[in-house]
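Open the model in your viewer and get ready to select residues by number.

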Amino acid sequence: MRWFWISDLYMQQIEKNRNNLPIIIGISLAILFVLALCLRFGFVIDKVFVDDYVKFAGTDAYYHMRLVENMSHNFPERITFDPYTYYPHGAQTPWPPLFDWLIIGIAWIFSLGALSQHALETVGAWLPAILGAATVIPVYFIGKALLNHWVGLLSAALIAIHPGGFLTRSLLGFCDHHAAETLFSTLTMLFLILGLKSAKDRGLTFDKLRWQNLPSIGKPVLYYLLSGLLLGAYLLTWSGGLLLILVLFTYFIAQSIIDHLRGKSIDYLVIAALPLFIIGGTISLPSLTKLWTGHWFMLALPIAILTPVILNVISRLLVKIKLARIYYPVILVGIGLAGLATLWIFSPDLLKSLLNAFNYIFPRQATMDIWEAQPLLFPFGKFSLSFVWSQYTTGFLLSLISMGIITYSAIKQDRVEKVLLLVWSFMMLLAVMGQSRYGYYFAVNVALLTGYLSWHIIQFFSPKETNSKPAEISGKISKKKAARRKLQQSSAGSSKGWPKIILGTAIVLLLVFVPNITEATKYAKQLPLSPDYVWHESLSWMRDNTPDPFDNPDFYYEIYEPPAPGEDYSYPDSAYGVMVWWQYGHWVTQIAHRIPTANPFQQGAQTAAQFLTAQDEASANAILDKLGVRYVFVDEMIATGFFGTATWAGLNETDFYDVYYAQQGGALMRTTFYHPEYYRSMCVRLYNFDGKEIVPDECMVISYEEKTGQDDTKYKQITSSRTFSTYEEAEEYIFTQKSAEHKIVSRNPFISPVPLDELKHYRPAYASETESMQAGVGMVPVLKIFEFEK
């Protein structure tokens, strides 16, 4: 009897929890939000808030803060052109303004209208982490719409701990718009899914769009309006918002084909698409037209608005003339090809613009040595699963399996929300296959797909309901007692199935959650490229000790008149450029308030590479003269490991250094040798040797053979080496050899085997107090600044 009493209490608790399910879900989401937020700041807060300043993560974060600082003096107006970057041209502002508006608006509220630099930097550091953590909420509701609460919770838990690009881009200090992109795009899809489900359930058509039907049609229409508002917010966040427009455009075409083939009206799709694209476009176009991608949006949005209308007209026409349904997709393909042919004949420039927009989203070739621009499966031209694992762990494969299951379910059940998820996921998969940078978008899809599959795994191990009829219940027994007896029977049956449920849950935890937690913990401890104390100190020195390029420090906060199309900005005679590697350009703009000749938009990157790899002073000086450069930055990382940038100059890394193997003790030992081209490069002559004349004490020559290993990889094996007292003797020796497989080399980047002339036009202006130990030469400043004197 005691056992039954405990069981009775347990079942009552179950009933109570079921009645309080919204409260349980709310508490669960709050816990997941806090967990996601803690993951994003717990490991890095001491790295971001250091001393008396905020150290942001990445490079674009500093340009966002530059825009925020300027806008704080001109709110709500924001510059559309910036003369403080890409000297001597200036650059158009590349991003829409919403993310910067959010930073200023929130900072203004929390500082009670008294904006300060500290308030702006604090909000800028925290906002991405909060937005990233908040993404668990729409992910939950999408998962719920797909199947049930538990799929929603599993998906929300997965996105909360998801590693890779999504976590990195929503870390504390990563003041960039990517977390906002992800949140707004996910919210857009959420309200569209809810609207489509509601409209499909109500059989929404144009005939029902009447005031008297408002109680029944109001819910889907409200969802569509909200999806349009969120689409507008998304487009105001990122200049590449065509990606989501393309996803939605593709979905409406695919869903219209499915519905027509099933003999169903597609009115509800038009009713969904029109407010979505019209509201989104109306909100965003005034700002988007000022961007360099503005002409793409001017073209894409009208097409997106008109296409669903045309799809519906064709569908209705075919139904009216009773043409076989299969002709619908055939006619659509024909119309699409005819449209492209018409553009090719009558407006090839417009067609080229469309293809350029498509290539912007799905590039055919990776950008040089930028890791985020590499294809997911073929980083730097070689097949590898390392990117896949670091971004998604087991979720990548599981999500592909889940897509197959959902495809079958969508075909069998006619579920519009599942079709939308499939199209959305497939398009994001294509995007991330082209460039890994889209990994933070696909993370949401992986979380949803993996959450869906995880629930089915748990269900597979759950006890199955029996079809046997329960014993007849006496009419004298009340309904309450009958329900209690039913619960008791269910509980008794379920108790036998607990081991299987535990097994299924354990499989999900080990297969899905443990790998994600392990990888996410690694990512949460790492801040992307950001200026350390040395850079911050050096840039602060430059701001305080070099002439202001506009003779007015407050000019940094003004609104600038853009130059005429095709023309450069008209700088005053006092202006000058700062030669710096492109990855550091935004730091120069935001911290030093000076004008870099190259920036992380890759503007000027090739020219910077040509200067750093220049083999003589005359050609290097010609570059600086043309650009109007006054100061040159060089640092340890660029000088000793920068020759990945040789690619930007159209050269090969092996021109400057190479890996050789030597036989030692029966094994091949790997050694890096530096070539004369390395020591003659301007970057090395400035950083390693301070531009001084160098006369080598000795010169090594190695002889080598090119061989092929067991895995068909080629390598260079040293056969002999000789040391000469002068460079001339070494050159003469190589000249007398019949084979070309000889090289003048040095093992030490700070000990040149070749003579170097003194650089006559570069005066040391600054050297960091922080130094690093270099073999053979002792302590060397980590960063140096030279003044170029004509």
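This is a predicted model.

**Stop one: a serine.** Select S284, then show what surrounds S284. Leaving aside residues up to four places away in sequence, S284 touches G232, L235 and L236. Now color residues 267-288. That is helix α13, and S284 sits in it. Is S284 buried or exposed? Its relative accessibility is 0%, so S284 counts as buried, since buried means under 20%. A polar atom of the S284 side chain lies 2.7 Å from the backbone oxygen of G280.

**Stop two: a helix with a buried side.** Select residues 605-612, which form helix α24. Which residues of α24 are buried? They are A605, A608, A609, F611 and L612. These residues lie on the same side of α24, because they cover an arc of only 160° around the axis. An α-helix has 3.6 residues a turn, so residues three or four places apart point the same way. Now show what covers the buried residues of α24. Among the covering elements are β5 (577-579), α25 (617-627) and β6. Also included are α26 (636-641), α28 (682-687) and β12 (762-767).

**Stop three: a cavity.** The model has 3 cavities of 30 Å³ or more. The largest cavity holds about 60 Å³ of space. Select its lining: W535, M579, V580, W581, Y584, L612, F633, V634, D635 and I638. By class, that lining has 9 nonpolar residues, 1 charged residue and no polar ones. Which strand gives the most to the lining? Color residues 629-635: strand β6 gives the most, with 3 residues.

Key
Residues numbered from 1 in each chain as written. Predicted model: local features only at pLDDT ≥ 70, side-chain atom pairs only at ≥ 80, totals over all residues. Heavy atoms only, no water. 1 Å grid on protein atoms, 1.4 Å probe; cavity = no way out; pocket = protein on both sides within 12 Å on 5 of 7 lines; lining within 4 Å. Points joined across faces, edges and corners; volume = space filled by probe spheres on them. Helix = DSSP H or I, 4+ residues; strand = E, 2+ residues; numbered from the N terminus. Nonpolar A, V, L, I, M, F, W, Y, C, P; charged D, E, K, R; others polar. Buried < 20%, exposed > 50% of the residue type's maximum accessible area, 1.4 Å probe, protein only. Arc of directions from axis to C-beta. Contact = heavy atoms within 4.5 Å. Polar contact = N/O pair within 3.5 Å; in protein donor to acceptor, adjacent residues only side chain to side chain.
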